[in-house]
Amino acid sequence: MSGGAGNLPGAIGIFDSGIGGLSVALAVRKVMPAEHLIYVADTAYAPYGDKTDDFIYQRMALITQHLIHAGVKAVVVACNTATTAAISKLRENFALPIIGVEPGVKPAVLASKSKVVGILATPRTLLTPAFASLTQRYADTATILPQPCPAFVPLIESLQFDTAQMRLAIQSAIQPLLIQGADTLVLGCTHYNFIADLVADIAGPDVTVIRTEHAVAQQLSRKLAECQLSTDETRTATEQFCSSGDLNLFSQQLRRLWQREWPTSTNPGVFALAELCVVQPAPADI
């Protein structure tokens, strides 16, 4: 890794187009306090929502290859858009465990009393065949209302979590869903986890908000155990945070979002990944 970053053999690699995946990394750290983590924010090419599937896969493959070279034992694609666009192809080409994220439609349908569920997500996620397939599974038991939220990610990336502009964006997104009877809202983008409480506050006490970062962390834990890759030893875990974009902004985002509440965590190292700023041909077979 450039900029002084070193390898972390046996670490878990986590990546997203920006800072949304940090919500997943926080959940992973809580569930697995002894695991080393490497987080990559591909902010030089964010958002992924306006990119093609081929371009997104190129970024995913390049970052995954980079993480493998750093010694990771598993990868978490902590981005809903990337997961729905190309995680199947990524798994075909890389042999290590790869965990993705998808909107929590199943728990939402189970939780909903009205059986009307609103899905808040990026426009790109909602247009993918993978999302259509996911919602089709529950078409007979609930009404699924997809709601694109193009304003959310730019506001979250700029750390505007509770501004008048963010409140207006949330209100505009959820009001049509509530009018149609939705009593459960799914946060279908990892960025949205950072505004979950605000969404719940604006939606009101009768609306359930579903987030999935904790379920992803549990799934990762189960997969590592299944593959006999879990870290059993008691140790002080190390974290590395890497970005293909503006390192000063990324450092500010980390100071705000990386809640250092676990004594096993050391101070983060923050590194630039200049080599990830050039799109290279996707590897054919790894």
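**From the whole chain to one residue**

Of the 286 residues in the protein chain, 56% are buried, a term that means under 20% relative accessible area with a 1.4 Å probe, protein chains only. This is a predicted model, in which local features need pLDDT of at least 70 and side-chain atom pairs count only at pLDDT 80 or more, while totals for chains, interfaces and linings use all residues. Residues are numbered from 1 along each chain as its sequence is written, and side-chain values use heavy atoms, with hydrogens and water left out.

The secondary structure of the protein chain amounts to 11 helices and 10 strands, which are DSSP runs (helices H or I, at least four residues; strands E, at least two) numbered from the N terminus.

Helix H2 (residues 53–69) packs against helix H3 (residues 80–93) at an angle of about 55°, their axes lying 9 Å apart; the two are therefore oblique to each other, the class left when angles under 35 degrees (roughly parallel), over 145 (roughly antiparallel) and 65 to 115 (roughly perpendicular) are set aside. On the H2 side the contact (heavy atoms within 4.5 Å) is made by residues including Ile56, Tyr57 and Met60, and on the H3 side by residues including Ala85, Ala86 and Leu90.

Gln147 is located in strand E6 (residues 143–148), and because its relative accessibility is 16%, Gln147 counts as buried. Leaving aside residues up to four places away in sequence, Gln147 touches Ile119, Leu120, Ala121, Leu126, Ala173, Pro176 and Leu177.

Technical notes:
Axes fitted to C-alpha atoms, helices over the stretch in contact; angles between N-to-C directions. Buried < 20%, exposed > 50% of the residue type's maximum accessible area, 1.4 Å probe, protein only.
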